[in-house]
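Here is a friendly walk through a few labels and where they come from. Have a look at the model first.

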Amino acid sequence: MSIDKEHIFKRKRVYNLTPFTLLDYPSKTACIVWFSGCGMRCEYCYNTDIVESNGNYDYCEVLSFLYKRKGLLQGVVLCGGEPLFNYDKDMFEFIKKVKEMGFLIKLDTNGINYEALKELVESNLIDYVALDFKAPKYKFQYITNNNVKKFDLFLDSVKLLINTQINFEIRTTFHPNLLNLEDIQEMVDLIDSLDYQGKYYIQNFMESQNNFGHLKKEFHQISFDGLKSKIEIKYRNFDN
Ligand code: SF4
């Protein structure tokens with residue numbers, strides 16, 4: 001049986017589109033492409049619908065949407081779910097076409113599809129990466145509900161991004177029931193030992209109707225004052 005390439009390209013991989021954002025691509029006007037699916041089930045994840053859904057839009061539909069925004073927006077944010085969860089040749093071609101339209105591309109990823117990230121970075125298709133650092137290795141499975149062996153792929157992704165000198169940030173979502181100060185220190189020390197020179201963002205858990213771990217916002221926040229780091233640490237969504 002022959003395979004119809006056009007048909008494959010019309011597989012629905014995208015859950016939704018956000019036509020405009022000033023918040024999701026540093027210093028750029030952008031839109032967001034939300035990809036369905038993810039191999040993880042992070043306890044704090046509130047995008048449960050996106051993670052568990054099939055897509056609603058195929059790549060052709062997304063490209064027509066983007067075509068109308070050529071010259072009006074600077075960037076496109078690929079997020080999800082995990083954008084690289086269903087990575088294949090079609091997705092590569094899709095991203096190439098987005099780049100050819102003149103958009104800057106930001107990728108939000110958990111970093112465990114190392115091979116896909118490598119191919120995209122080495123093809124100069126990605127301009128900025130926001131890389132999730134979920135947990136130290138000893139808590140990786142507990143927090144992500146994914147195999148701890150994937151932690152090593154995440155680390156390979158960190159090394160790749162450091163070595164290629166691409167513009168990227170490392171970030172961690174913090175909930176005091178999942179991580180403590182010692183865990184964060186362990187994580188900071190690890191990326192420091194890899195000679196990470198960028199900023200490390202600790203972002204507060206955002207309460208929502210759904211998350212996989214049925215977590216609530218805790219009001220007994222810990223203090224990060226005791227953290228020792230050469231890396232610049234920034235805090236997002238904390239009250240002070
Ligand atoms: S937070 Fe975790 S489960 Fe949710 S999309 Fe990101 S990697 Fe997947």
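Q: Which backbone oxygen does the side chain of Ser 36 reach?
A: The side chain of Ser 36 reaches the backbone oxygen of Asn 54, at 3.5 Å. A word on the source: this is a predicted model, where local features need pLDDT of at least 70, side-chain atom pairs count only at pLDDT 80 or more, and totals for chains, interfaces and linings use all residues. Residues are numbered from 1 along each chain as its sequence is written, and side-chain values use heavy atoms, leaving out hydrogens and water.

Q: Why is Ser 36 called buried?
A: Its relative accessibility is 5%, and buried means under 20% relative accessible area, with exposed over 50% and partly exposed in between (1.4 Å probe, protein chains only). Ser 36 therefore counts as buried.

Q: What makes the pair Ser 36 and Ser 53 a polar contact?
A: Their side chains come to 3.1 Å. A polar contact is a pair of N or O atoms within 3.5 Å; within protein, one must be able to donate a hydrogen and the other to accept it, and residues adjacent in sequence count only if both atoms are side-chain atoms.

Q: Why is Lys 97 called partly exposed?
A: Lys 97 has 35% relative accessibility, so it counts as partly exposed.

Q: Which residues does Lys 97 contact, leaving aside neighbours within four places in sequence?
A: Lys 97 is in contact with Phe 9 and Leu 63, where contact means heavy atoms within 4.5 Å.
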